[in-house]
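Here's a quick walk through a model, one feature at a time. Keep the structure open while you read.

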Amino acid sequence: MTIKGVYANDIGPESDAARASARAITAQGARAKALMDCHIRKLYYGSFLAVRDAEIPIAPNAITAFIGPSGCGKSTVLRSLNRMNDFVPGFRLEGSVHFQGQDIYANHVDPVAVRRSIGMVFQQPNPFAMSIYKNVAFGLRLNRYKGDYAERVEAALRGAALWDEVKDKLHSSGLSLSGGQQQRLCIARAIAVEPDLLLMDEPCSALDPIATRRIEELMLELKERYTIAIVTHNLQQAQRVADHTAFLFVDTSAGGRTGYLIEYRPTAALFEDPREERTKAYIRGEFS
Ligand SMILES: Nc1ncnc2c1ncn2[C@@H]1O[C@H](COP(=O)(O)OP(=O)(O)OP(=O)(O)O)[C@@H](O)[C@H]1O
Ligand SMILES: [Mg+2]
């Protein structure tokens, strides 16, 4: 991706001034080319300030990973990107999330339409209690898709690297599949409607290492056509799949527990040359 080129000079600037200027340039570069530009100033659940100061661009046809200790707001930020948090009573966001140039929190924007073009895959595979075929066709029906369902279902199952395993049992229950297959079914369900962006919240945490690698390979294939943002606790996974990584942390200084962005960088730079002490410590495994 051209976005990667933006960061070509980003590794190891020599002085603080060079670092600051590199940071400004790379942030500008990423933002100019971002599919989504997330500017969370403050995000509340009721009176609880859950996240502050998270500016994270999501580059197109790339994978952006969110990492950080438990409770730092990774899922919260991810769920803000397709207005999933709207379901939480008391949720309030100050800032903006621009997607293809439009703020998805603007008054006139329909959150249902946002969720239609920004799909989501959750931590626990959650196929519906219906056939494999109907699971994948579900979103198409919801969108009143007028084309050939069988063709689209097959394409989505192929895209999710599941077709060969299920093509002879499309009418069996989605729940009869293994955990790894169920997660690929959920990915097929999400990509069937051809979303512009796919959000994944720890999609491998319920899976064994083989199924995990399978999903990781799949993500790398999918980024050719889609843009992906993923939350992961697994630092090796972030390094294996992500082009860019955002590291969030928890600020307890004011007595609360507020997540904020510490560092957003190309993944290799973040892991090999972290700028911030907290990032270094986290990567060394000093807190989880
Ligand atoms: N629906 C909710 N209502 C109220 N508070 C919430 C809600 N969801 C999350 N929080 C709070 O917001 C903060 C961030 O939670 P979040 O789930 O985003 O963290 P996380 O980084 O994804 O953690 P984990 O790694 O454990 O999944 C936490 O303090 C959490 O208790
Ligand atoms: Mg989470």
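## Confidence first

Over which residues does the pLDDT stay under 50? That's residues 1-15, for which the model has 28 contacts beyond four places in sequence. (pLDDT is the predictor's confidence in each residue, from 0 to 100; two residues are in contact if their C-beta atoms, placed from the backbone, lie within 7 Å.) Residues 22-27 also have a pLDDT below 50, with 6 contacts beyond near neighbours in sequence. Where pLDDT is low, the predicted coordinates should not be read in detail. Averaged over the chain, the pLDDT is 89, and 89% of the residues score at least 70.

Some housekeeping: residues are numbered from 1 along each chain as its sequence is written, and chains are lettered from A and ligands numbered from 1 in the order in which they are written. This is a predicted model, so local features need pLDDT of at least 70 and side-chain atom pairs count only at pLDDT 80 or more, while totals for chains, interfaces and linings use all residues.

The model has an open sheet of 10 strands with mixed pairing, in the order 5-4-1-2-10-9-3-8-7-6. Strand 5 (102-103) and strand 6 (118-121) stand at the edges with a single partner strand each, so one side of each has no neighbour in the sheet. (Strands pair if DSSP finds at least two bridges between them; helices, H or I of at least four residues, and strands, E of at least two, are DSSP runs numbered from the N terminus.)

Strand 1 (residues 36-45) runs antiparallel to strand 2 (residues 48-58), joined by 9 bridges, and K42 stands opposite R52. The hairpin of these two strands has 2 residues between them, and G46 takes a positive phi near 65° there. Strand 1 also pairs with strand 4 (residues 91-99), antiparallel over 9 bridges, where D37 has H98 as its bridge partner. Strand 2 meets strand 10 (residues 258-266) in parallel through 2 bridges, and V51 is partnered with G259.

## Around ligand 1

How many residues surround ligand 1? There are 13, and the closest are Y45, S70, K74, S75 and T76. (Near means a C-beta atom, placed from the backbone, within 6 Å.) Helix 3 (residues 74-80) gives the most to this shell, with 3 residues.

## Two helices packed together

Helix 5 (residues 132-142) and helix 6 (residues 149-159) pack at about 110°, with their axes 9 Å apart. That makes helix 5 roughly perpendicular to helix 6, a label for angles of 65 to 115 degrees. (Axes are lines fitted to C-alpha atoms, for helices over the stretch in contact, and angles run from 0 to 180 degrees between N-to-C directions.) Y133, V136, A137 and L140 of helix 5 meet Y149, R152, V153, A156 and L157 of helix 6.

Methods: Parallel < 35°, antiparallel > 145°, perpendicular 65-115°, else oblique.
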